[in-house]
Amino acid sequence: MIAVEEYTGVAVVSLARPPVNALDLPMVEELESTFARLANATPRIGVVLTGAGNTFSAGVDTKAFASYGSRGASSHGARYHAYDGGASFSALPVGCCG
């Protein structure tokens, strides 16, 4: 669901969950681990976060969200807000583009 391309000093992280790259819990967990790995890797200029296809991200996958139950929904909601609008991850400069 997450693709990473490495360039000199820059990593391009692409959301790849067709058709609209909606965020479900497994994708958010994969984003967390991807950014943790990037933060601990060779120093870089920054990270570009983009979406595969024609859509950056439709946001939270409400159908998946409803299936998590109250505990999972709460966890997913808290994690989703960390990414809403682009956040800095472990002191990495992050740029979002669609």
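A residue is taken as buried when its relative accessible area is under 20%. By this criterion, 35% of the 98 residues of the chain are buried in the predicted model.

The chain contains three helices and four strands, arranged from the N terminus as β-β-α-β-α-α-β. Of the contacts between residues at least 6 apart in sequence, 69% join residues at least 24 apart.

In soluble globular proteins, nonpolar side chains tend to be buried together. The largest nonpolar core of this chain comprises 12 residues: I2, A11, V13, L15, L23, M27, V28, L31, F35, L38, V47 and L49. At least two residues of this core come from each of β2 (10-15), α1 (25-39) and β3. Helix α1 accounts for the largest share, with five residues.

L15, a member of this core, has contacts with several residues beyond four places away in sequence. Among them are the core residues I2, M27, L31 and L49, and the contacts of L15 also include M1, N21, T50, G51, A52, F56 and S57.

F56, one of the residues touched by L15, lies in the loop between β3 (46-51) and α2 (62-67). The relative accessibility of F56 is 28%, so this residue counts as partly exposed; the partly exposed class begins where the buried class, under 20%, ends. F56 and N21 are separated by 35 residues in sequence, yet their C-alpha atoms are 6.8 Å apart in space. Both F56 and N21 are in contact with L15.

How values were computed
Residues numbered from 1 in each chain as written. Predicted model: local features only at pLDDT ≥ 70, side-chain atom pairs only at ≥ 80, totals over all residues. Heavy atoms only, no water. Buried < 20%, exposed > 50% of the residue type's maximum accessible area, 1.4 Å probe, protein only. Contact = heavy atoms within 4.5 Å. Core = buried A, V, L, I, M, F, W, Y, C linked by side-chain atoms within 4.5 Å.
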